[in-house]
Amino acid sequence: MNFAAQLFYTSYLSERLERLYSPRPALKDGEENDPFWQREELRLGPGQPSCPYKPGPVSNGAAGRRPTLIEPERLKDFGEEDLLNGDVKVYETKVVGGPEIVLMEPPKTRRVSEFRIISRPPVQYLRFEDISAAAFRIQAGIQKTPCTYSRLSKQYGMEIYLKKEQLHYTGSVKERGVLYLLTSLTQEQQRKGVIVASDCNFSMAVAHHAVELKVPVFVIMPSCCASPRLRIYRDYGAMVISYGSTSHDSQNHARHLAKENGYLYLEEDESPAYLAGLGTVGMEIYEQVPKLDAVVVPAAGQYGLLAGTAAAIKHLNSQILVIGIEPDGFPLLLQSLKTDGPVKDMHSNPNKKLYGDLMERSLGANTFQLAKKLVDKVISVSEEDSLVAMLRFQEFERSTVDTEGAMGLAAILAGQLPELRGKKVAVVVSSANMELELVRQCVDRALVLDERVSKFSVQLGEWPGDMARLLDVLSREDVRLLDVCHRRHSDKADLFNAKVECVVETRDKAQSSQLRKTLSERYPSLCWLDR
């Protein structure tokens, strides 16, 4: 109620109370004194002389309503509520000059095709978190191999650190991926068992770690497999079965047994668990060699070691170079990078004795994408350079490795990485599984390639002492005579001469050059032969 209404209401009540309590005039003759409740002063509200108020029972109807104390007609001008007989009447009050409210238009309906779809980043096939999980899982079953400073560092002008993965129980780095792969299997699959059908480092790792994990393991080998190799699998505790004459026969039989008995057929592939296990090599290298500049990794087999190591190294430090090395006779990754896609059919003929079943391997799409994205450089090395690298391992590192394990060092020895001079380089030595007879043949061949074993022939007369003088020359030059062949009737034209063939070994290339110079001066008929 505003101030004007309050003022009016106060004056109105004062007037009514004054009339009510003022003295009444004297009654005339014949007039009766009305009761108190029928006095006219108590009729508040509008006067109706033609319709005198008659009291009656109080009810909710129109006849029994109690009159209001305020005349509503006098309050309408003030915009107040009218309380009339219990009813509420609201009178609208128009506000002049108020702000105009403008309603917003409803949003337009848009089609789904009009919305811009934000593509999510693709899920990485191999994450660093997977490699870290693999390192934690396999730490109890895999030893942490050393990464030692090489004695060849000063000779080649760089700090070379050798990550000696050949020191694992089966002599191969593939134990890392195999162990994490086996521990990732379900309990039901571990109870049924696994089966392999190839004579390689992967199968040897499966045979060893499956037995350690109490997982039944079966190895299917062709009948042409050497007995010493079969004995190795049996010593690990695997069930070895000879079947077929070729590796394809044994593989088909292994798949048949796996389907029939519920075994899990395992072969070296690009499964995430296998690659994550191999990637733990990169984590250890980064921890063992501070301020590293480059990592040289062999890229044979399924290229999982190269992809996994690159994923770990590049996550820890993207400035470290990752260089992949593959054999010159089977440059699968190089050809795939040139064609921008994994090559399925590789027409080449690598040495099967040195590189095993390399021709049966393939490059997976995911591994290729990882190598394309993370590997900085890929080069190929010749068979001769790998053999010489094997010889350097035996002489300077006092260890025996196979050609696959020596490929990283072979690239440095061949001078194919001049950009690494003066830098700190880690070289992964992946494996050392080679038969003893093949090792001997490789060493003999490497000595010839290194020009430390030479073969020559000379013509000697029939005079006594000619042979002794030749041996005396060799003795003064301090060379080692490995073999000598004396042929008296080798040529019909020289009836009075004899042909002598000698095989000698020198300390190094310098001594070999000096021997050639000395013999050429004394024997004009000297002829150097290739072995």
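The axes of helix 6 (residues 201–212) and helix 7 (residues 227–236) come within 8 Å and cross at roughly 20°. Helices (H or I, at least four residues) and strands (E, at least two) are DSSP runs numbered from the N terminus. Axes are lines fitted to C-alpha atoms, for helices over the stretch in contact, and angles run from 0 to 180 degrees between N-to-C directions. This is a predicted model, in which local features need pLDDT of at least 70 and side-chain atom pairs count only at pLDDT 80 or more, while totals for chains, interfaces and linings use all residues. Residues are numbered from 1 along each chain as its sequence is written, and side-chain values use heavy atoms, with hydrogens and water left out.

**The helix pair**

- The crossing angle of roughly 20° makes helix 6 roughly parallel to helix 7 (angles under 35 degrees count as roughly parallel, over 145 as roughly antiparallel, 65 to 115 as roughly perpendicular and the rest as oblique).
- Helix 6 brings S203, M204, A207, H208 and V211 to the contact, and helix 7 brings R229, I232, Y233 and Y236; contact means heavy atoms within 4.5 Å.
- These contact residues divide into six nonpolar, two polar and one charged (Ala, Val, Leu, Ile, Met, Phe, Trp, Tyr, Cys and Pro count as nonpolar, Asp, Glu, Lys and Arg as charged, and the others, Gly among them, as polar).

**The parallel sheet 7-6-5-8**

- Four strands form an open sheet in the order 7-6-5-8, with parallel pairing; two strands pair if DSSP finds at least two bridges between them.
- Strand 7 (239–242) and strand 8 (264–265) stand at the edges with a single partner strand each, so one side of each has no neighbour in the sheet.
- Strand 5 (residues 194–196) and strand 6 (residues 217–221) run parallel and are joined by three bridges, and V194 has V217 of strand 6 as its bridge partner.
- Helix 6 packs on this sheet, touching strand 5 and strand 6, and its direction makes about 155° with that of strand 6.
- Five of the five residues of strand 6 are buried (under 20% relative accessible area, with exposed over 50% and partly exposed in between, using a 1.4 Å probe and protein chains only).
- From strand 6, V217, V219 and M221 point one way and F218 and I220 the other way, and all are buried.

- Strand 10 (residues 321–327) is mostly covered, with six of its seven residues buried.
- Strand 9 (residues 294–298) pairs with strand 10 in the parallel sense over five bridges, and V296 stands opposite I323 in strand 10.
- Strand 10 also pairs with strand 11 (residues 377–381) in the parallel sense over five bridges, where I325 has I379 of strand 11 as its bridge partner.

**The antiparallel sheet 14-15-13-16**

- Another open sheet has four strands in the order 14-15-13-16, and its pairing is antiparallel.
- Its edge strands, strand 14 (480–487) and strand 16 (527–529), each pair on one side only.
- The twist averages 25° from one strand to the next.
- Three bridges join strand 13 (residues 453–461) to strand 16, and F456 has W528 of strand 16 as its bridge partner.

**Nonpolar cores**

- The largest nonpolar core has 70 residues, and V194, V206, V219, L266, V295 and L333 have the most contacts inside it; a nonpolar core is a set of buried Ala, Val, Leu, Ile, Met, Phe, Trp, Tyr and Cys residues joined through side-chain atoms within 4.5 Å.
- Leaving aside neighbours within four places in sequence, V295 is in contact with residues including I285, T309, I323 and V428.
- A second, separate core of 42 residues includes I325, A389, M434 and V439.
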